[in-house]
Amino acid sequence: MIESLVNVEKRYEELGQLMADPQVVADYERVAELARERADLQELVDAYRDFQSVEQQLVDAKALLAEEDQDPELLELAELEVAQLQDRRAELEERLHVLLLPSDPNDAKNVIVEVRAGRGGDEAGRCAAEV
């Protein structure tokens, strides 16, 4: 999972660089295509960066716990922080798994639904209109 997230982040950064390239800026359609792709990756990259931040904070908090000659209150705060960070890490992992699922190509399409009255006269027409 981490490897694919690293690749997604690299692509996101590459898209930002491409959009800043003067040759690409001259082609409006290309810029629009790159902007759409970058926007699609934005939420995933943000979640991954949050995950990385929580990972680093967790490492730092565990290092604080490992130090000897600590104040008991400080140790208690560090233990509480580790527990909170582990919960946050689990939430972000779950979110990343969901965001990594492939999207349905039909999600961006519009749908028109027509509701018609059924057989049975006026009563059927009123039921369909109330739905």
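What follows is a short exchange on how some labels in this predicted model are reached.

Modeller: In this predicted model, local features need pLDDT of at least 70 and side-chain atom pairs count only at pLDDT 80 or more, while totals for chains, interfaces and linings use all residues. Residues are numbered from 1 along each chain as its sequence is written, and side-chain values use heavy atoms, with hydrogens and water left out.

Colleague: Why is the contact between E9 and R49 called a salt bridge?

Modeller: The term requires a side-chain nitrogen of Lys or Arg within 4 Å of a carboxyl oxygen of Asp or Glu, and the N to O distance for E9 and R49 is 3.0 Å, so the pair qualifies. R49 also forms a salt bridge with E13, at 2.3 Å between the closest N and O atoms.

Colleague: What makes E9 buried or exposed?

Modeller: Buried means under 20% relative accessible area, exposed over 50%, and partly exposed in between, with a 1.4 Å probe and protein chains only. E9 has 18% and is therefore buried, whereas R49, at 32%, is partly exposed, as is E13 at 36%.

Colleague: How do you know that R38 lies over the face of Y12?

Modeller: A charge sits over a ring if NZ of Lys or CZ of Arg is within 6 Å of the ring centre and within 35 degrees of the ring normal; R38 is placed over the face of Y12, at 4.2 Å from the ring centre.
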